[in-house]
Amino acid sequence: MSYTIQGRTGDWELVVGLEVHAQVISKAKLFSGAATAFGADPNSQVSYVDAAFPGMLPVVNRFCVEQAVRTGLGLAAHINPVSRFDRKNYFYADLPQGYQISQFDHPIVGTGTIEIELADGSTRQIGVTRLHLEQDAGKSIHDQHPTKSLIDLNRAGVALMEIVSEPDIRSPEEAGAYLRKLRSILRYLGTCDGNMEEGSMRADVNVSVRKHGEPYRTRCEVKNVNSVRFVMQAIEAEAMRQVEIWESGGTVEQETRLFDPGRGETRSMRSKEDAHDYRYFPDPDLPPLVLDEAWIETLRANLPELPDAKKARFMREYGLSPYDAGVLVAEQATAQFYETVARGRDAKIAANWVTGDFFAALNRTGRSIEDPPVTATALGQLLDLMADGTINGRIAKDVFEAMVDTGKAPAAIVEEKGLRQVTDTGAIEAAVDAILAANAGKVAEYRGGKDKLFGFFVGQTMKAMAGKGNPALINETLKRKLAG
Amino acid sequence: MLTDLTIEQARAGLRAGEFTAVDLTMAHLHAIEVLNPRLNAFIDVRHDRALDQARAADAALAAGEARALTGIPLAIKDLFCTAGVRTTAGSRILEPFVPPYESTVTANLLRDGAVFLGKTNMDEFAMGSSNMTSAYGPVENPWKRRQDAAAVLVPGGSSGGSAAAVAARLALGATGTDTGGSIRQPASFCGLVGVKPTYGRCSRWGVVAFASSLDHPGPFSRTVRDGAILLGSMAGFDPKDSTSAEMPVPDWEAACARSVKGLRIGVPREYRMDGMPAEIEALWRQGLDWLRDAGAEIVDVSLPHTKYGLAAYYVVAPAEASSNLARYDGVRFGARTDGSDLRDLYERTRASGFGDEVRRRIMIGTYVLSAGYYDAYYLRAQKVRALILKDFTDAFGQVDALLTPTAPSAAFGQGEKMDDPITMYLNDVFTVPANLAGVPGISVPAGLDPNGLPLGLQVLAKPFDEATMFTVAAALERAAGFEALPTLRAGGEG
């Protein structure tokens, strides 16, 4: 069922394209040797090149180029063997050169695709138009001084990848899925940390609406949205605004807008008339960027297994459902955690534990997959204790909680607390006999046909054995005795 | 007089202990003291610093550690950033600017032991052909018209201060930059050798940018061989400049001694312009005869797109300049004029910081890059540029070097050609194509006009074949035997 906006004049279709700015993971900036660490003291990571001192010249950072090419390869995109840097000219206090070095006509990466998955299990291919490299600007701080703006140039010159999608997105959900998938791919590749809170990934959202079968109508760009949730909200708010305008006989004007998450609405930033004329032209300080085909192939050969391929393999190798596989591959570290647990064990049980008790423990403790409350090795040991019959599944939950609380190994907890499963048939028979004797009335009911009481007898026996009885043996013994 | 020596002679004298580097530097500082108040060739003279460097040079000489330029006093165009020494680019907007870094070219000269006397005057941001656009006042050409010694002539531009300084014997050599002729034209006006090497030979790192794809650092000297010595120190691959060429620097001094016998010298017919003064045409013919006499073969060639060169240049250069000069905004360095808000600060700073010619070119450059005009101007100019490069490539398929006049006239008077910018721009008509194509060029003093003013001939060569360029230039120099001296010079009658 496709997403539509019901207006007074009928249904409207949503058309969305995203421009994502992803900060390249690199120790140095795109055209200078200055450092890029987040959170450094203001203006402590600024070279004379970044501050645009007279006579300073840019030299492209090869590693940033490599990161962009690897990202392109990860998006199954065409890598352009020759690309070019252009100057985008405009004046602003946090733009020291008076121009941003970007790629306009000849980006380093051409068309590619991202496959997104939706809640109903369906998938869609979203086209990637291009990926280009550009410099970030500095930061203007307007609230620290009554009359002055402060400028922090630490970010000035940091490498960004601008990843532009085709206008293929048709719902807020798809936009969210696209961003999450893109972020996942970038993280797998190690080319961007995808951290939207710190601003290392930001999205500009192009939104328009149309009646079914129409060509595109005028779009508006919502700038600099900094979370997946806000992107989805911004799209909805902006689409509603546009439908409202069209339906009341107005015309949507092409303009740049900002999303106000507090009010849940977009507002105008600048109209088309005020749009900058950026006077793009090729940067004469930088020769064309020429990539060696063999080098590109080496990068291709050394790409990590990416989320789509990993998901397919998890379904194939471990027999997981698409949903479980999707959840487990979203983050590379989670997938790796899962594989450590699953290797040589029952893969489905491993998946249930990782997505169930383990994820719950992660949430509860507020810890991350990189610093988990229970290691993959320890969780594997716990599964081994179940598999070899040392403990049963019910006790395993208690042992897991003790592992979270104490950090101790599961075997140690089992020994310490005496949780070893009782498989001694004599002890089980004795316990069963005692329960049946104490509940003669219920035994009679059961034998009279009230099958549901079987669970009651199992529960009572397990309780009498402090939960440690082997469930299979208890079942078998009960069945035999009740039948008798 | 020590100030009359060539670099080659001074180098030998220093090594032979005939005089010290301090003697040599003192002689030049004294000459500057006497003549600079009139010539205005230097914006800044660094007396103490120069003497410190001279003393260090004497110590190196004494220790037998002399390098190519140890103890040689030079003048540095104020477009080269010099660590700890104010660098103005001839502009108000950089009046307070003291760079914390040394340009690669000047660092190379210092590495080779040179002594820097000071920073020379220039057209603002290297935009001009007369040195009249400097915020630090015009420079007087040390040469005088025979019949009109009172007339103050321009030294040419934009490297006018460097040219005047070397001509008046205030320095043994100087650095310049050539974006459309800014070394070769003032060299021609001041009776000097001026070299614009191949694009990429000399690093642009630390040189205040005018038009990045056209800016070429290069030397001024009084002889071709001195030009070869200076360029040998200035040139070399620099990883900090992405347009720098990773090419070995050959022995250009040796090239000066080679014969032109068997070389093919092209005469581009399109350089024969209507209205060219007869003496320039005659000098050109004379130059060809000298080379023929020395054993070269003279060949007519065609550079059919020459006539579009100036127009293309005056689109590309302002376009790049409009962007390169955006950084002068009063925020981080240089002069600032405060305003009520950011935009006001920009407008006041740039209005008071930039002179008329710079503002004119920023406006032209902004216009030609604007949406709707880009294709008609900038893109078209780049296509012309490609055609001009192809003209040279084709010509150099037939010949080893080209010979042309350097400038369409001798030095003109201060205040002349000021009414119409186009008249001024025409000064660059013979020099601009080499900047557009990036091929090396040199101006050699070859004769005098009827007023007794020097005229230069230009030798152009294949990219990275400065060696042949020096060979041909040295042959012209030998044949011309140019020995005329400017009126205003150290120890002269001025």
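**Reading helix packing, domains and a sheet**

Guide: Helix 12 (residues 425-438) of chain A packs with helix 15 (residues 471-483) of chain A at an angle of about 50°, the axes lying 10 Å apart. This is a predicted model, in which local features need pLDDT of at least 70, side-chain atom pairs count only at pLDDT 80 or more, and totals for chains, interfaces and linings use all residues. Residues are numbered from 1 along each chain as its sequence is written, while chains are lettered from A and ligands numbered from 1 in the order in which they are written.

Visitor: How is the angle between helix 12 and helix 15 of chain A to be classed?

Guide: Two packed helices are described by the angle between their axes and the distance between the axes. Helices (H or I, at least four residues) and strands (E, at least two) are DSSP runs numbered from the N terminus; axes are lines fitted to C-alpha atoms, for helices over the stretch in contact, with angles from 0 to 180 degrees between N-to-C directions. Helix 12 of chain A is therefore oblique to helix 15 of chain A (under 35 degrees is roughly parallel, over 145 roughly antiparallel, 65 to 115 roughly perpendicular, the rest oblique). The crossing of these two helices of chain A is right-handed (the near helix turned clockwise from the far one by less than a right angle; anticlockwise is left-handed).

Visitor: Which residues of helix 12 and helix 15 of chain A meet?

Guide: From helix 12 of chain A come A:Thr425, A:Ile428, A:Glu429, A:Val432 and A:Leu436, and from helix 15 of chain A come A:Leu473, A:Ile474, A:Thr477, A:Leu478 and A:Lys481 (contact: C-beta atoms, placed from the backbone, within 7 Å). This contact of helix 12 with helix 15 of chain A has 6 nonpolar, 2 polar and 2 charged residues (Ala, Val, Leu, Ile, Met, Phe, Trp, Tyr, Cys and Pro are nonpolar; Asp, Glu, Lys and Arg charged; the others, Gly among them, polar).

Visitor: Where does the crossing of helix 10 and helix 13 of chain B stand, left-handed or right-handed?

Guide: The crossing of helix 10 and helix 13 of chain B is left-handed. The axes of helix 10 (residues 309-324) and helix 13 (residues 375-395) of chain B come within 9 Å and cross at roughly 125°, which means that helix 10 of chain B is oblique to helix 13 of chain B. Among the contact residues are B:Gly309 and B:Ala312 of helix 10 of chain B, and B:Tyr377 and B:Arg385 of helix 13 of chain B. By class, the contact of helix 10 with helix 13 of chain B holds 9 nonpolar, 2 polar and 1 charged.

Visitor: How many residues does the contact take from chain B and from chain A?

Guide: Chain B contributes 35 residues and chain A 25 residues. Helix 10 of chain B gives the most to the side of chain B that touches chain A, with 3 residues. That side of chain B has 19 nonpolar, 9 polar and 7 charged residues.

Visitor: What domains divide chain A?

Guide: Chain A has domain 1 (5-299), domain 2 (305-417) and domain 3 (425-483) (bounds from an automatic or database domain assignment). The centres of domain 2 and domain 3 of chain A, taken over C-alpha atoms, are separated by 32 Å, and 4 residues of domain 2 of chain A contact 4 residues of domain 3 of chain A.

Visitor: Which strands stand at the edges of the sheet in chain B?

Guide: The sheet is open and mixed, with 11 strands in the order 1-3-2-4-6-5-10-11-9-7-8 (chain B) (strands pair if DSSP finds at least two bridges between them). Strand 1 (42-45) and strand 8 (297-301) of chain B stand at the edges, each with a single partner strand, so one side of each has no neighbour in the sheet. Strand 1 of chain B pairs with strand 3 (residues 115-120) of chain B in the antiparallel sense over 3 bridges, and B:Asp44 stands opposite B:Lys119 in strand 3 of chain B.

Conventions:
Contact = placed C-beta atoms within 7 Å.
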